[in-house]
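Thanks for making the time this morning.

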Amino acid sequence: MAPLLKIIDYRAYFRTRRGVVRAVDHLSYEIHAGETLGIVGESGSGKSVSQLSYLGLLPKPPLEIVGGEVFFQGQDILKFNQNQLRQIRGSEIAMIFQDPMSSLNPYLKIGTQLIEPIQVHLGKTKKQAWSQGIGALERVGISDAEEAMNSYPHEFSGGMRQRVMIAMALTTKPKLLIADEPTTALDVTVQAQILDLLKDIQKETNMAIILITHDLGVVANISDRIVVMYAGKIFEQGTAESIFYQPAHPYTKALLKSTPRIDQAESRLSVIQGNPPDLSRLGSGCPFYDRCDYRISDCEIAFPNARKPEPNHQSFCHVEVK
Amino acid sequence: MTKILIDESSNETLEKGVSLWKDAYRRLLNNKMAMAGASLLLLELLVAMLTPWIAPYPFELQNLENALAEPSMLHFFGTDNLGRDVFTRVLYGGRISMMVGLLASLVSVGVGVLYGAAAGFFGGRTDNLMMRVVDIMYAIPFLFLVIILMVFFGRNFILLFIALGLTQWLTMARIVRGQVMTLKQKEFIQAARVMGVAPVKILMRHLIPNSLGPVIVYLTLTIPTVILEEAFLSFLGLGVQPPMASWGTLIAEGVEVMEIAWWNLIAPAIFLSLTLFSLNFLGDGLRDALDPKGAKD
Amino acid sequence: MSLNYILKRLAVMIPVFLMVVTLVFFMIRFAPGGPFDSEKAVSPEIMRNLLAKYHMDAPLWKQYLRYLNDLAHFDLGPSFKYANRTVNELIGESFPVSIELGMLSLAWALVIGILAGALAALRPNTLWDYIPMSFSILGICLPTFVIGPGLALAFGLWYDWLPVAGWSSWQHKVLPSLTLGLAYSAFISRLTRGGLIEILNQDFIRTARAKGLSETTVMVKHAFRGGLLPVVSYLGPALAGIITGALVTETIFNIPGLGRFFIQSAVNRDYTVVMGTSLLYFGLIFVSNFFVDILYAWLDPRVRYD
C-alpha cells in the first residue's frame with residue numbers, strides 16, 4: 001500500500017542574521033493511512049518546524065526550503081503554491097497545537113471557529129455547518145454540545161478546549177492529523193483521555209496521525225512507529241517496540257535512561273550531560289558528538305549513514321550500540 | 001503629546017540600586033533623538049533666561065509705520081501688526097510658555113506625588129477609596145473645568161498654572177502609588193518601620209525619593225502637555241492676558257494676519273513645535289532608558 | 001452581555017455626573033466673581049430673569065432641587081448676556097454644526113488611522129511602517145492650532161484649493177475636519193499597529209491559517225477583532241479630545257459651531273451659557289464613554305464577567 005505521506009531528504013533552513021540555522025536537515029520518513037507516527041525530540045530539535053514548514057505555515061523569509069520532496073497522496077506538495085496549500089490545510093491535512101487556550105480565538109464563539117473549515121472546504125451553509133459542528137463536539141465527548149457552540153474559549157478548561165480543537169480538526173475528515181504537543185499543556189489524567197480519544201477516532205476513520213512530542217510516555221502510549229530527532233536530524237526510526245526495547249542510537253538510549261520510572265527506585269536521575277548545540281553553528285559531523293558516551297573520531301567529521309539493526313529500524317550512528 | 005501607558009508593575013528596576021541610574025544614563029546618552037531634544041531644550045532654557053539681555057528689541061516697542069514687515073536682517077521674523085519685532089516677542093513668549101509649563105508641572109507633581117504616596121502607603125480601604133476617586137476623575141475633561149474657572153475667577157496668572165497643574169496630577173498619583181506599593185514590601189522599609197521611624201518620615205525620606213524614576217519620566221511628558229494646554233487656552237484668549245503673551249497668544253495673532261503676513265504665524269508655531277518635539281523625544285528616551293523591557297512600539 | 005454589567009457601569013457614571021452637576025450649581029451660586037456676586041453690574045432685565053428662574057428667595061436646598069429638575073428636563077436657564085434668550089436656544093443654533101464637524105473628524109481619524117496602522121502592522125519594519133509612523137509623531141506632538149493654520153496656509157492660501165472659513169459647502173468642511181481628525185488619526189494608527197502586531201503573533205492566528213482560511217479571512221475575521229480593541233478603548237478619550245479640539249478648530253476656520261460660541265461666551269463671561277454648554281459636553285462625554293464600554297465588552301467576551 002502506498003504511503004499517505006512520504007518525506008524524502010527534506011531540508012529546511014532559516015536564514016537569520018546570526019547565520020544559517022539548519023532546522024530540518026535530511027529528513028526522510030513515511031506514514032500510511034491508519035498509522036500513528038510519533039516524532040520525539042527536545043525543544044529545538046526541529047520536530048515542529050519539520051511539519052509547519054512544508055504546509056506553508058512559516059513565513060518564507062527567514063524560512064527557506066532548500067531541498068527534498070514531500071509527497072502527500074502522490075503529489076509533491078513542496079511544489080504547491082499558497083493557494084493549493086491552503087486547500088489541503090484544514091481539509092486533507094489538519095493540525096492541532098499545544099496550548100488550546102492560545103490556539104483558539106478568544107473573541108469568537110466556539111461554534112463560529114469550529115464551523116469555519118466546514119464552510120470553507122465543504123461549502124456548507126452556516127446552518128448546516130452549525131449542526132455538523134454540534135455533532136463533532138458530541139463525538140469528542142462534550143456533552144451539552146449546543147450550549148458549548150455558543151460559548152467562548154475562556155469558559156472551558158484546558159482538556160475541553162483541546163477536545164474542541166480536535167473536533168475542529170476532524171470536521172472535514174482529514175486523511176492526516178498532525179498533533180503538535182497536544183497534551184503538553186494538560187494534566188496527566190486529561191492527557192490520557194485525549195490520547196484515548198485520538199486512538200478511538202483513528203480506529204473509526206483510518207486517519208493517519210503524526211504526533212509530535214518530547215514526552216516518551218505519550219509516544220509509547222499511542223505510536224506505531226517512532227522517529228527520534230535531534231538538532232534537525234533524524235537519529236533513529238523504527239517501530240515503537242524496537243525503539244523502546246532495542247534502541248540502537250546512543251541518544252535514544254540516553255533518552256530512555258533519563259526518563260524517571262515509578263517502578264524503579266533510583267537515588268539520582270540520569271541526565272544527558274551538556275547542552276543542545278547552536279543550530280547556526282553545526283559542523284559536518286554528528287551534532288550529538290559533544291554529549292555522546294559512545295563517540296569516536298569519525299563522528300566529528302561526517303554524519304553517519306543509516307544502519308539497519310532490523311528491518312524497518314534505522315539508526316544513524318557510526319557505532320554499533322548494544 | 002505622547003499618551004503613555006506606563007506599566008506600573010515594572011518597578012523591579014529599582015532593585016538594582018545605583019547601577020540602574022548609571023545604566024539608564026548610558027542608555028539615554030545613546031539615544032540620538034533624545035539627546036538632540038535635550039540639547040535643544042538646554043539651549044532654549046539658556047536663551048529664555050538670557051532673553052532680557054539678548055532680545056534685539058524691547059518687548060513692547062511699537063513702530064506702526066513698519067507693521068507687518070517681511071523678515072529681514074533687522075527683523076529676523078518680520079514685525080507684527082503693531083510693528084513689534086516678532087523674534088523678540090517669540091523669545092519673550094517662550095519664557096512665558098516654558099515658565100507656565102514648569103510651574104504647572106510642579107503643581108501636578110506635588111499634588112500627584114503626595115496623593116499617590118499617601119494612597120500607596122496607607123493601603124487598604126483608604127487606598128481603595130482614594131484610587132476610586134482618581135478613576136472617577138479620569139472621566140472628567142479637565143480643560144473645561146479650567147475654562148470655567150477662568151471665566152468665574154478671572155484670568156489670573158497664578159490661577160492659570162495651578163488649574164493647569166491640576167489637570168495632570170491623576171496619572172502621576174497612580175504611578176507614585178504603584179511605586180510606593182512595591183517599595184513597601186522591601187526590607188529596608190520594613191526595617192525602618194520596625195525601628196519605629198514615623199510614617200511620614202518613611203514616606204518623605206525613603207518612599208518618595210525612591211519613586212523618582214517614573215516620576216521624572218512622567219514629568220518630562222507632563223511638561224509638554226501643560227505647555228500645550230496653556231497655548232491652547234491662550235490661543236482662545238483665555239490664557240495669559242496682555243501685555244503678557246505666550247506662544248499660544250502669538251499663534252492666535254499670527255492666524256489673524258495669516259493671509260498677508262504668514263511669518264507671524266510660522267515663527268511661534270515652529271518654536272512651539274520644536275519645543276514639544278524635544279520634550280517628547282526626551283521623555284520617550286528617559287522612559288526607554290529607565291525601563292528597557294517596556295514594550296517598544 | 002449581562003444586564004449586570006451595564007448596570008454596574010451606570011452605577012459609576014451617574015454619581016459622577018451628579019457630583020459635577022452639583023459642583024456647577026454651587027459655583028454659579030457662590031463663586032466670587034460669579035453671576036450672583038453683588039458687585040456684578042447686570043442689566044435689570046437679566047437680573048429679573050435670573051431671579052425669576054432661580055427663585056433666589058427660596059431656601060438653598062429648594063433651589064438645588066429646582067435646578068436638578070430643570071436639568072432633568074434639559075432646561076439650561078436664561079442667558080446671562082442676551083436678555084430674553086435661553087441657553088437652550090443659543091446652544092441649539094450652533095450645536096448641529098459641531099456635531100457634524102465632530103462626526104466628520106472622527107471619521108477621518110478612524111479611516112486614516114486604521115488604514116495606516118493596519119498597513120504598518122502587515123509590513124512591519126519596512127517603509128510602509130516607518131513612514132506612516134513618523135508622520136504620526138507629527139500628529140501626536142503638534143497641537144490642533146498649529147496643524148489647522150498650517151493646513152489652511154498650505155491648501156487654502158498658497159494653493160487655493162480649499163476654502164478656509166465658513167461651513168457652507170462640502171469643500172468648506174474638508175480642512176477643519178481633517179485638521180481635527182489628523183491628530184487623533186496619529187494615535188489611532190499607533191494603537192492599531194500595536195494591537196494588530198500583537199494579535200498576529202498569537203497562536204490562534206496560526207490555527208486559523210492551519211485551517212486553510214484565506215489571508216483576508218484571517219485578517220478581517222480573526223485579527224481585526226482583537227487587534228482593534230485598543231482603538232475602541234481609545235474612542236472615549238478621542239471623543240473628549242475632539243470636543244475640546246473643536247473649540248480651536250471652529251475658531252480658526254470661523255465655523256458657526258457650539259465650540260466657537262462657547263469660547264465667545266467664556267470671553268464675554270456669559271456664565272449660564274458657559275455652564276450649560278459645559279454640562280452638555282460632560283453629558284456627551286459620559287454617555288459616549290458608557291457606550292464605548294459596552295462596545296468593548298461586546299467585542300471582547302472575556303471582559304463581560306467583570
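**Chains, contacts and confidence**

Let me begin with what is absent: chain A and chain B share no contact, and their closest C-alpha atoms are 20 Å apart. Please keep in mind throughout that this is a predicted model, with an ipTM of 0.85 and a pTM of 0.78. Of the 2 pairs of chains that do touch, the pair formed by chains B and C has the most contacts.

Turning to the other pair, 18 residues of chain C meet 21 residues of chain A. On the chain C side, helix H8 (203–210) and helix H9 (215–227) each contribute at least two residues, and H8(C) gives the most, namely 6 residues.

How confident is the predictor in chain C? Its mean pLDDT is 82, with 89% of the residues at 70 or more. Among the elements of chain C, H8(C) has the highest mean pLDDT, 92, whereas helix H2 (residues 44–54) has the lowest, 67.

Finally, chain A itself, which contains 13 helices and 12 strands. Its radius of gyration is 20 Å, close to the 20 Å that the globule rule gives for 322 residues, so chain A is as compact as a globular protein of that length. Its C-alpha trace spans about 65 × 50 × 40 Å along the principal axes, and 45% of the 322 residues are buried.

Conventions:
Residues numbered from 1 in each chain as written. Chains lettered and ligands numbered in written order. Predicted model: local features only at pLDDT ≥ 70, side-chain atom pairs only at ≥ 80, totals over all residues. Contact = placed C-beta atoms within 7 Å. Helix = DSSP H or I, 4+ residues; strand = E, 2+ residues; numbered from the N terminus. pLDDT = per-residue confidence, 0-100. Rg over C-alpha atoms; globule rule 2.2 N^0.38 Å. Buried ≥ 20, exposed ≤ 12 C-beta atoms within 10 Å, placed from the backbone.
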